Amino acid sequence: MPELIPNLRARRLFLDRHALAEAPVGPASGAALEALVERIGFVQVDSINTVARAHEMILWSRRQAFRPPALKRLIERDRSLWEHWTHDASILPVGLHGLWQHRFRRDAQRLEANWKRWFREGYEAQFDSILNRIARDGPVGTADVGEGEVRGKGGWWDWHPSKTALEWLWRTGRLAITRRDGFAKIYDLTERVIPEAHRRPVPAEAVTDWACRTGLRQLGFGTSGEIAAYWNAIGPEAAKDWCREALARGEIIEAEVEGALGQRRKTFIFPEILEDDPPGPAPRLRILSPFDPALRDRDRAEFLFGFHYRIEVFVPEPKRLYGYYVFPVLEGDRLVGRIDVKAFRDAGALRVKAFWPEAGVKLTKARRSKLEAELNRLAAFAGCERVEFTDGWERETLRRASG
């Protein structure tokens, strides 16, 4: 009979693998910051900046000495990190570039049919001219190309052909992001951005083993579907086959993990991880990015923590239960609530609009003190001088989110 991983132990094991068990202290630049990114695997990039951008806040939640220029140096000067696609745009260790060669080919095949439906025609005709221009004149952004092309007004994906061409060449590996100006991507030839030692392709047959082995280690435990989704580098059938073969070899074992409500799910785990004694997390309270790696898989987060979370950015305001961009709140090994907070830098204030506790969580004097301490730290990180609480910010528990 498979061994049972009790829910408390499962949560602690998962948080430890994501660097959320220890106190968020210590160095947060140079080699230490690079090691942190390697430990958590990747850092998702997102443009929304109500307090800080997702990739910055993910790192700050784990090392509160972190400041964005340290990450910028690793990407743009040291070239030890780079930006490409996992399940979404992400910052990755540069050592993974060789493994991404298969993805460039796969994405070219997958995107071709869809992009011809989604985008205006004519972008393929721009490939050579853009590559030749960059080779001759250096890096470009989308504002530098497409002179004379019709600029769309239909939203984020209504791109002019040259912008579509830049994104295609990036997604398929011909170009790389050399830097961001503000949040705008600046593209250059890949060979000018990625060090030569990391551009050597890894054999295709090694990719599945790498994706499954590292994905399972990053998760601590997981189903074949969760393993496949971690890097989004292989399909679910390939992950199923790997799990079956690794199980037959005795490299992994089956276990059952207990969910927050007592439900059970079969899972795979490395035997040595099953023997780990995960530390009890620091009791402090942390405000997490909605795109934090620990929450990326919303279904897994709900299973383990009983925390139903959906971002409501694209939900019409009258239909939102919480708010446009609401941050999950972690205390120790529990997700205890969510908070609607925004930085008003011109006014020097971080304003708290609402805090909703999870069911069974009370905003006690001690918890309020921890929340205020974290908000003060977040305000300093966001470039604000003080925290302001709007009238009625303490809300009642809502039973379930939507969106």
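## Report on a predicted protein model

At 16% relative accessibility, arginine 79 counts as buried, where buried means under 20% relative accessible area, exposed means over 50%, and partly exposed lies in between (1.4 Å probe, protein chains only). This residue belongs to the loop between helix H4 (68-76) and strand S3 (81-85). Helices (H or I, at least four residues) and strands (E, at least two) are DSSP runs, numbered from the N terminus. Although arginine 79 is not a glycine, its phi is positive, at about 60 degrees.

The structure is a predicted model, in which local features need pLDDT of at least 70 and side-chain atom pairs count only at pLDDT 80 or more, while totals for chains, interfaces and linings use all residues. Residues are numbered from 1 along each chain as its sequence is written, and side-chain values use heavy atoms, with hydrogens and water left out.

**The protein as a whole**

The protein contains 14 helices and 14 strands. Its radius of gyration is 22 Å, which agrees with the value near 22 Å for a compact globule of 403 residues; the radius is taken over C-alpha atoms, and the globule rule is 2.2 Å times the number of residues to the power 0.38. Along the principal axes, the C-alpha atoms fill a box of roughly 60 × 60 × 40 Å. Of the 403 residues, 53% count as buried.

Contact means heavy atoms within 4.5 Å. Among the contacts with a separation of 6 or more, 65% come from residues 24 or more positions apart. The accessible surface of the protein is about 18,200 Å², and 50% of this belongs to carbon and sulfur atoms. There are 65 positive and 58 negative side chains, and the centres of the two sets are 3 Å apart; Lys and Arg count as positive and Asp and Glu as negative, whereas His and the chain ends are not counted.

The predictor's confidence in each residue is given by pLDDT, from 0 to 100. The mean pLDDT of the protein is 91, and 92% of its residues reach 70 or more. Over residues 154-158, however, the pLDDT is below 50, and this stretch has 5 contacts in the model beyond near neighbours in sequence. Where pLDDT is low, the predicted coordinates should not be read in detail.

Glutamate 3 is in strand S1 (residues 3-5) and counts as partly exposed, at 45% relative accessibility. Not counting residues up to four places away in sequence, glutamate 3 touches Glu254, Ala255, Glu256 and Leu274.

Glutamate 256 has its place in strand S8 (residues 253-258). With a relative accessible area of 16%, glutamate 256 is buried. Beyond its neighbours within four places in sequence, its contacts include Pro2, Glu3, Leu4 and Ile5, and also Arg264 and Arg265.

**Valine 352 in strand S13**

Valine 352 lies in strand S13 (residues 349-357) and is buried, with a relative accessible area of 0%. Leaving aside neighbours within four places, valine 352 is in contact with residues including Ile339, Val341, Leu375, Phe389 and Trp393. Between valine 352 and proline 195 there are 157 residues of sequence separation and 44 Å in space, C-alpha to C-alpha.

**Helices and loops**

In helix H1 (residues 7-17), the buried residues are Asn7, Ala10, Arg11, Leu13, Phe14 and Leu15. Alanine 19 lies in the loop between H1 and helix H2 (30-40) and is buried, with a relative accessible area of 0%.

Helix H10 (residues 224-231) is largely enclosed by the rest of the structure, because 6 of its 8 residues are buried. These buried residues are Ser224, Glu226, Ile227, Ala228, Tyr230 and Trp231.

| Residue | Helix before it | Phi |
|---|---|---|
| Asparagine 232 | H10 | near 55 degrees |

Alanine 65 is in the loop between helix H3 (54-62) and H4. At 52% relative accessibility, alanine 65 counts as exposed. Its contacts, leaving aside neighbours within four places in sequence, are with Gly26 and Ala28. Alanine 65 and leucine 15 are 50 residues apart in sequence and 20 Å apart in space, C-alpha to C-alpha.

Conventions: Areas by Shrake-Rupley, 256 points an atom, 1.4 Å probe, with all protein chains shown as cover. Charge placed at Lys NZ, Arg CZ, Asp CG, Glu CD.
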